[in-house]
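Me: Hi! I have a chain open on my screen and would like to go through it with you. Can we start with its surface and move on from there?

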Amino acid sequence: IFFGGLFFVTAITTSNFGSFVCDFFFLLCLGMGILLPVLYLRSYTGTLKQFEAIIDQVERIREGDFSHPLEFTEDQILYPAADSLNYVQNGMRRAVDEQVRSEKMKVELITNVSHDLKTPLTSIINYVDLLKKQDIDNPKAQEYIEVLDRKSQRLKKLTEDLVEASKASTGSLSVHL
């Protein structure tokens, strides 16, 4: 349309063919001198906006925000980069979700195991206390009761430490200096 209009304007304003070619060539150069920079700036501005969007997205991912994928169309010049960045973002989101799920399962397992250990351990400790209150004359039996007492108390402490370590690893343990 631009070239057709340019040709038409030149043809109307000139009467001589030599002058027509010269005028047409001059107007063509003038039009291209104006049109090309305008098209270039328009393209450059669009590419610059795409590039800024990609930089913003990288910043979001760096901060741990995986919820906003880039929305580029296939005709945009930086579409392949945006598509790859979205793929990386999805992979990171899945990895973080899997890690969180794994941590929750680990904490549940430790909590269940420690609870399952505490129940029979409490019974053992109570029976050892009852045995210590009995009047037993056999020194070997007294020694066995003391060993049972020490070992059951140690197992109780280990079980409590396991629960505390589990809480600490999830960040649900408050720290007091």
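Me: What does the accessible surface of the chain come to?
Reply: About 13,700 Å², and 63% of that belongs to carbon and sulfur atoms. Accessible areas here come from the Shrake-Rupley method with a 1.4 Å probe, and for residues only the protein chains shown count as cover. Please keep in mind that this is a predicted model: local features need pLDDT of at least 70, side-chain atom pairs count only at pLDDT 80 or more, and totals for chains, interfaces and linings use all residues. Residues are numbered from 1 along each chain as its sequence is written, and side-chain values use heavy atoms, with hydrogens and water left out.

Me: How much of the chain counts as buried?
Reply: 15% of the 177 residues. Buried means under 20% relative accessible area, exposed is over 50%, and partly exposed is in between (1.4 Å probe, protein chains only).

Me: How far does H3 reach?
Reply: H3 has 55 residues and spans 80 Å from its first C-alpha to its last, close to the 81 Å expected at 1.5 Å a residue. The expected span is 1.5 Å times one less than the number of residues.

Me: Which residues of H3 are buried?
Reply: Among them are Leu 85, Gln 89, Ser 114 and Leu 121.

Me: Switching to Gln 57: is it buried or exposed?
Reply: Buried, because its relative accessibility is 0%. Gln 57 sits in helix H2, residues 17-62.

Me: What is Gln 57 in contact with?
Reply: Leaving aside neighbours within four places in sequence, Gln 57 is in contact with His 68, Pro 69, Leu 70, Leu 85 and Gln 89. Contact means heavy atoms within 4.5 Å. A polar atom of the Gln 57 side chain also lies 2.5 Å from the backbone oxygen of His 68.

Me: What about Thr 159, which residues does it touch?
Reply: Not counting residues up to four places away in sequence, Thr 159 touches Ser 114, Leu 117, Lys 118 and Leu 121. Thr 159 belongs to helix H4, residues 139-170, and counts as buried at 3% relative accessibility.

Me: New topic: how many salt bridges does a search of the whole structure find?
Reply: Five. A salt bridge is a side-chain nitrogen of Lys or Arg within 4 Å of a carboxyl oxygen of Asp or Glu.

Me: What does Glu 98 form a salt bridge with?
Reply: Arg 101, with the closest N and O atoms 2.9 Å apart. Glu 98 and Arg 101 are three residues apart in helix H3, so about one helical turn separates them. Glu 98 is partly exposed at 41%, and Arg 101 is partly exposed at 44%.

Me: Why does that spacing matter for direction?
Reply: An α-helix has 3.6 residues a turn, so residues three or four places apart point the same way.

Me: Which residue does Lys 132 form a salt bridge with?
Reply: Asp 149, and the closest N and O atoms are 2.9 Å apart. This pair links distant parts of the chain, with Lys 132 in helix H3 and Asp 149 in helix H4, 17 residues apart.

Me: Is Asp 149 buried or exposed?
Reply: Asp 149 is buried, with a relative accessible area of 12%, whereas Lys 132 is partly exposed at 38%.

Methods: Helix = DSSP H or I, 4+ residues; strand = E, 2+ residues; numbered from the N terminus. Polar contact = N/O pair within 3.5 Å; in protein donor to acceptor, adjacent residues only side chain to side chain.
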